[in-house]
Amino acid sequence: MTATAPTAEAAVRKSSPGAARGPRRRPGRIRRAGLPYLLLLPALLLELLVHLVPMVIGAVMSLKELTQFYIRDWGTAPWAGLDNYAVSVDFDAPVGKALLHSFLVTIAFTLLSVGLCWLVGTAAAVFMQGTFRGRGLLRALFLVPYALPVYAAVITWVFMFQHDNGLVNHVLHDQLGLTDKPSFWLIGDNSFLALLTVSVWKGWPFAFLIVMAGLQNIPRELYEAAALDGAGMLQQIRRITLPSLRPVNQVLVLVLFLWTFNDFNTPYVLFGRSAPEAADLISVHIYQASFVTWNFGTGSAMSVLLLLFLLVVTGVYLVLTSRGRRTAP
């Protein structure tokens, strides 16, 4: 009697209309699934406040004739439509010609800085893979430029680039005799070299840190097998190291490009509010167009154009790199 009762009860449950349905989702499970999104909500709201809201306001300002006469209440500034954009891209006019020159200088500076940062950082990371005495101390010293505050580091370089009593002229002219006379590094054509030097000195430790982390994931057995097959160090770097670091380098190059192209602190601290023509980066140029000439409408239009350019470059780069990963063997 007791043995057949559970069997009958099970038969009743199987024959009931709701037996074929799966188990109902409990409210607790729903709450657990929505908990991660709830925890992300404060960060998303702060992201909207810190980044997206100023971007929208800047885009609205670019459509207004916003000058120093409307700073107190910029909402009353008359609408200019796309006139600010037309002025910015009119390369035959002084404003557009100056913006184009600044854009070309920024492109050259970014390509050289990113390339040198990657080259020096990769070479240092590969060198640090070997075991030798003092490797830990040398790694710490390599990261000092990256760990220093930007203002403290660049101000130190300003003193070093001084014409009369700077360390750079003292070494190049007084000690080594490589120049006929002390050079002006913060004005004229040499300002581009000074800016590039500071940017590479400040940026290569980041490339070194990222590449060194990527090298830890390459099995040592690959190098041992290559050495047994007679491959030298250069062949190992070409055939093993660089292909294995391709995903890391793709992200590293993109981050360095965006950071360098948008860099404002380094040229501003190095040259002040008015950068030399040879080192007129677009970030400082936009600052001058906005806060020196007090034409915030034109400066905002330049900022929007810069944002669109970076979005296009980033999108094309991601498409090309993802296509390369799919076609790679």
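**A tour of the aromatic rings**

Select Lys64 and Trp79. Lys64 sits over the face of Trp79, 4.4 Å from the ring centre. A charge counts as over a ring if NZ of Lys or CZ of Arg is within 6 Å of the ring centre and within 35 degrees of the ring normal.

This is a predicted model, where local features need pLDDT of at least 70, side-chain atom pairs count only at pLDDT 80 or more, and totals for chains, interfaces and linings use all residues. Residues are numbered from 1 along each chain as its sequence is written, and side-chain values use heavy atoms, with hydrogens and water left out.

Now show the aromatic rings. The structure holds 19 aromatic pairs. Rings of Phe, Tyr and Trp (its six-membered ring) pair if their centres lie within 6.5 Å; planes under 30 degrees apart count as stacked, over 60 as edge-to-face and the rest as tilted.

Go to Tyr146 and Phe206. This pair is tilted, with 5.7 Å centre to centre and 35° between the planes. Tyr146 is in helix H6 (residues 144–147) and Phe206 in helix H9 (residues 190–215), 60 residues apart. Helices are DSSP runs (H or I, at least four residues), numbered from the N terminus.

Colour by accessibility. Tyr146 is partly exposed, at 38% relative accessible area. Phe206 is buried, at 13%. Buried means under 20%, exposed over 50%, partly exposed in between (1.4 Å probe, protein chains only).

Next, select Phe161 and Trp185. They form a tilted pair, 6.0 Å centre to centre, with 40° between the planes. Phe161 is in the loop between helix H7 (150–160) and helix H8 (167–175). Trp185 is in the loop between H8 and H9. Both Phe161 and Trp185 are buried.

Last stop: select Phe264, Tyr268, Tyr287, Phe291, Trp294 and Phe296. Ring pairs link these residues into a cluster.

Terms used. Helices (H or I, at least four residues) and strands (E, at least two) are DSSP runs, numbered from the N terminus.
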